[in-house]
Amino acid sequence: MRLDLYTEKSIAESLSALNARLQAKGSSRSNLEGWIEKSGTFAVSITTPVAGKFSRRTTLHGKLERRDGHTVVHIDVPSGANRQGIVLMVGAVALISVALMASSNVMLALALLPIAAYLYIPMRGDHDNSAALIGDVQRTLKARNTPPKRQTGEKESVRARVKS
């Protein structure tokens, strides 16, 4: 999933806030890891349990860019699949397995079932982790989905000077 967020912080302030968040100990997301470059690129990752002893690590990659007086945060993160998407995928694999069994390819059909279980972990883990990562970056940078409105006071003062 690609997403653009907007913040009033400068690139340096944003990088400092992200660095402080990554260095924080004892927080609710203590397993948050990542790196930051001075050029404005960063990555934040989180590892959470998905099913039993299986866990999934999801990494959010971002780039900070200054545009029109505010900072734009370009985010790229795997989105995974919601519950309905997972049910659809498992159902499709089950139908293919039944079709293979009907054509007397029982071994191939049985080999597909663990594949469905194996795909469940990244799909479910990325879905849950991506929401957590995006929310964490938004809170840390005080970012929004919409660009900030331009201040009309500056335009009016320029117009008043031109008219006089």
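Start by selecting R56 and D126: their side chains form a salt bridge (a side-chain nitrogen of Lys or Arg within 4 Å of a carboxyl oxygen of Asp or Glu), with the closest N and O atoms 3.0 Å apart. This pair joins distant parts of the chain, since R56 sits in strand β4 and D126 in helix α3 (residues 106-141), 70 residues apart. Helices (H or I, at least four residues) and strands (E, at least two) are DSSP runs, numbered from the N terminus. Buried means under 20% relative accessible area, exposed over 50%, and partly exposed in between (1.4 Å probe, protein chains only).

A note on the model: it is predicted, so local features need pLDDT of at least 70 and side-chain atom pairs count only at pLDDT 80 or more, while totals for chains, interfaces and linings use all residues. Residues are numbered from 1 along each chain as its sequence is written, and side-chain values use heavy atoms, with hydrogens and water left out.

Next, pick E33 and R57, a salt bridge with its closest N and O atoms 2.5 Å apart. Here strand β2 (residues 33-36) supplies E33 and strand β4 (residues 54-67) supplies R57, 24 residues apart. E33 is partly exposed at 41%, and R57 is partly exposed at 45%.

Four residues apart in helix α3, they are separated by about one helical turn. R124 is buried at 19%, whereas D128 is partly exposed at 36%.

For the last stop, select R21, D136 and R139, which are linked in a network of salt bridges. Altogether, the model has six salt bridges.
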